[in-house]
Amino acid sequence: MNKINYNLEMEKIIKNIDIKDRPKLLLHSCCGPCSSAVLERINKFFDIDVFYYNPNINSEREFYRRANEQIELVKNLNLDYKISVEVVEYNHNEFLDYIKGLEKYKEGGARCFKCYKERLEKTAEYASKNNYDYFTTTLSISPHKDSQIINRIGEFVSKEYNVRYLFSDFKKKNGFKRSVELTDKFNMYRQNYCGCEFSRGED
């Protein structure tokens, strides 16, 4: 299968947006550091709400530490348009049930793809119920995650929930590098593992 340039696909969509009438976008965020460069890049094109839904995180303490970093980041970025953050209540058992049978798969494989799907499904469901024009995720900013898989999952669930998915590859155009710069600027906590106990076990 030929690879698609999802950054270019996003730019095609953005090119046709009237910034005087910005569409509503629900941005699934895995953490504040990853969302930083994403919010900076697309804030002027969309009316954005951040959706912090990450049941994969293996402890409540870690979950809320990352959630608080997300909330503080939105305050500190001082962007042109207001952004709100919706933190979905922590429930790690949702994740464990969803990926049951895939626990022993290696990082970056089938377990991770299922994890992406769980979070994108929840985001699409919320976006559909609350009349968003688009949804997308910060996951593609990571150089360790496959943007081809992420975008194919996003496209699939967009059809299921009848809400448009904003294609993206946020690591492009130095997106990941910029996220590191912003993390340092705001002295943010950047975790050293994806979130689940299985990824941590592979450190």
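Reader: Is asparagine 131 buried or exposed?
Author: In this predicted model, asparagine 131 counts as exposed, because its relative accessibility is 63% and the cut-off for exposed is over 50%.

Reader: Where is asparagine 131 in the chain?
Author: Asparagine 131 lies in the loop between α5 and β4.

Reader: What about its phi?
Author: Asparagine 131 has a positive phi of about 60°, although it is not a glycine. Most residues other than glycine have a negative phi.

Reader: And what is the phi of asparagine 187?
Author: The phi of asparagine 187 is near 50°, again a positive value in a residue other than glycine. Asparagine 187 sits in the loop between α7 (175–185) and α8 (197–200). With a relative accessible area of 68%, asparagine 187 is exposed.

Reader: OK, new topic. In what order do the strands of the sheet come?
Author: The order is β3-β2-β1-β4-β5. These 5 strands form an open sheet, and the pairing is parallel.

Reader: Which strands stand at the edges?
Author: β3 (84–87) and β5 do. Each has a single partner strand, so one side of each is left without a neighbour in the sheet.

Reader: How many bridges are there between β1 and β4?
Author: β1 and β4 pair in the parallel sense over 4 bridges. Within that pairing, leucine 27 is opposite threonine 136 of β4.

Reader: And how many join β4 to β5?
Author: 2 bridges join β4 to β5 (residues 164–165), and the two strands run parallel. Tyrosine 134 faces arginine 164 of β5, while phenylalanine 135 faces tyrosine 165 of β5.

Reader: Which way do the residues of β4 point?
Author: Tyr134 and Thr136 point one way from β4, and Phe135 and Thr137 point the other way. All of them are buried. In a regular strand the side chains alternate between the two faces of the sheet.

Reader: I also see Phe135 in the nonpolar core. Which residues there touch the most other members?
Author: Those are Leu25, Leu39, Ile42, Phe46, Ile48 and Phe135, out of the 47 residues in the largest nonpolar core. Elements that each supply at least two residues of this core include α1 (6–15), β1 (24–28), α2 (32–42), β2 (47–52) and β4 (134–137). In soluble globular proteins, nonpolar side chains tend to be buried together.

Reader: What does isoleucine 42 touch?
Author: Isoleucine 42 touches Met10, Ile14, Leu25, Ile48 and Phe170, if residues up to four places away in sequence are not counted.

Reader: How many residues of α2 are buried?
Author: 9 of the 11 residues in α2 are buried, so the helix is mostly covered. Among them are Gly32, Pro33, Cys34, Leu39 and Ile42.

Reader: What covers them?
Author: The cover over the buried residues of α2 includes α1, β1, β2, α3 and α7.

Reader: What is isoleucine 71 in contact with?
Author: Leaving aside neighbours within four places in sequence, isoleucine 71 is in contact with Val85 and Val87. Isoleucine 71 and valine 87 are 16 residues apart in sequence, and their C-alpha atoms are 9.1 Å apart in space.

How values were computed. Residues numbered from 1 in each chain as written. Predicted model: local features only at pLDDT ≥ 70, side-chain atom pairs only at ≥ 80, totals over all residues. Heavy atoms only, no water. Core = buried A, V, L, I, M, F, W, Y, C linked by side-chain atoms within 4.5 Å. Buried < 20%, exposed > 50% of the residue type's maximum accessible area, 1.4 Å probe, protein only. Contact = heavy atoms within 4.5 Å. Pairing = 2+ DSSP bridges.
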